[in-house]
Amino acid sequence: MEAWKIVLIVFSALILFLIILFFVIGEVCENISMRRNCFIGKIVVNDFCRANEKYKIDYKWWDNIKIETCEYKSFDGLKLKSKIIKLEDNVKNINPNILGYWDKKVLKKNKNDEKEVLLQETNEPTFSHSATVLQNLKKNVEGYKKNKVRVAVVIHGYMNIYKDMQRFAKMFLELGFNVVLPECRGHGESEGKFIGMGWPDRKDVQVAIKRAIKIFGEDCEIVVFGVSMGGATTCMLSGEDNLQNIKCFVSDCAYTSIYEQIKYVIDKQTPLPVFPTLQIFNVFQKIKTGYSLKDGDSRVQLEKCDKPILFIHGSADNFVPFHMLAELVVHAKNNEVLIVDGADHAESQPYATQLYTETLINFLKKYI
């Protein structure tokens with residue numbers, strides 16, 4: 001056989017091998033990190049469940065909450081769902097001791113003995129209200145609805161579902177907010193084989209917000225709150241147009257970009273070499289989804305944001321590295337920061353509940 005034919009065969013075989021290798025690495029990375037029920041996702045869910053057990057997060061709380069389901073289509077045709085918790089439908093499940101916006105004014109003095117009606121905090125999922133307090137709460141909800149309607153859009157993290165946001169939904173409800181809980185593509189009851197990691201999700205959340213405005217009225221004021229992947233989605237959403245009803249953002253333990261986060265995960269949680277795995281996966285993702293890992297960059301979006309944003313991060317975060325916080329803050333024009341010393345990933349709220357809640361209230365009262 002002539003030499004040039006041998007070279008051609010070898011070269012063709014090498015090209016074929018590289019193409020196969022490209023798709024194998026791409027599929028492996030996708031199955032590890034960005035498919036529904038992926039390998040890394042299962043690790044994260046296990047860690048999240050352990051944290052919930054550690055801090056005694058009560059999922060039975062949902063049994064007493066009246067929830068509506070809102071279904072809508074994403075910009076690319078997926079059927080997505082949000083859960084809606086209306087404040088006026090859930091008065092009996094609110095502990096009036098920690099009502100932020102209603103304050104203690106809700107707890108009027110008892111007409112019989114002129115003593116303030118104060119209820120002790122309890123770990124039970126529902127609260128035993130006196131007739132006086134319950135009546136005042138209902139009156140306040142009515143007045144609250146007439147004057148100003150506040151809505152918290154709470155975006156879950158990687159491989160979570162809406163019920164995993166229990167402590168945040170409860171917190172916002174008790175601060176006097178209606179709560180919208182979108183389930184991102186590839187999660188929960190929403191369609192999608194692939195996890196968006198925040199970039200397509202920013203547009204999905206915009207659709208969810210438009211539906212929420214139809215439900216709560218054109219004058220409703222919105223805070224967008226997200227944790228982990230939800231925090232990154234919040235940052236990525238912040239740079240979009242047509243956000244008139246959104247008054248502020250809260251981003252808890254967000255990553256700088258999908259690319260940097262995947263790089264960290266490959267390095268710390270898989271045996272694969274970062275190079276060329278990450279580069280191959282980035283091209284593979286671009287071919288398969290139409291966007292690259294580098295497109296989803298929180299920093300770029302924050303540069304375009306003109307609304308206030310509160311950043312929260314635990315100093316002991318071992319999944320989204322703490323140093324990413326500084327990179328996000330630099331790119332946000334109007335920001336505040338809460339660092340929870342010693343808190344692990346997405347654990348700042350249960351780790352330092354009082355500090356977390358007080359910081360959030362002080363931030364929100366400035367803008368909503």
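Visitor: How many helices and strands are in the chain?
Guide: The chain has twelve helices and eight strands, where helices (H or I, at least four residues) and strands (E, at least two) are DSSP runs numbered from the N terminus. This is a predicted model, in which local features need pLDDT of at least 70 and side-chain atom pairs count only at pLDDT 80 or more, while totals for chains, interfaces and linings use all residues. Residues are numbered from 1 along each chain as its sequence is written, and side-chain values use heavy atoms, without hydrogens and water.

Visitor: What does the chain average in pLDDT?
Guide: The average pLDDT (the predictor's confidence in each residue, from 0 to 100) is 85, and 85% of the residues score at least 70.

Visitor: And where does pLDDT stay under 50?
Guide: That is the case over residues 98-134. For this stretch the model has 72 contacts (heavy atoms within 4.5 Å) beyond four places in sequence.

Visitor: Changing topic, how much of the chain counts as buried?
Guide: Of its 368 residues, 55% are buried, meaning under 20% relative accessible area with a 1.4 Å probe, protein chains only.

Visitor: Which residues touch the most other members of the largest nonpolar core?
Guide: They are V153, Y158, M197, I209, I222, V224 and Y255, in a core of 63 residues. Such a core is a set of buried Ala, Val, Leu, Ile, Met, Phe, Trp, Tyr and Cys residues joined through side-chain atoms within 4.5 Å. Helix α5 (residues 199-216) supplies the largest share of this core, seven residues.

Technical notes: Buried means under 20% relative accessible area, exposed over 50%, partly exposed in between (1.4 Å probe, protein chains only).
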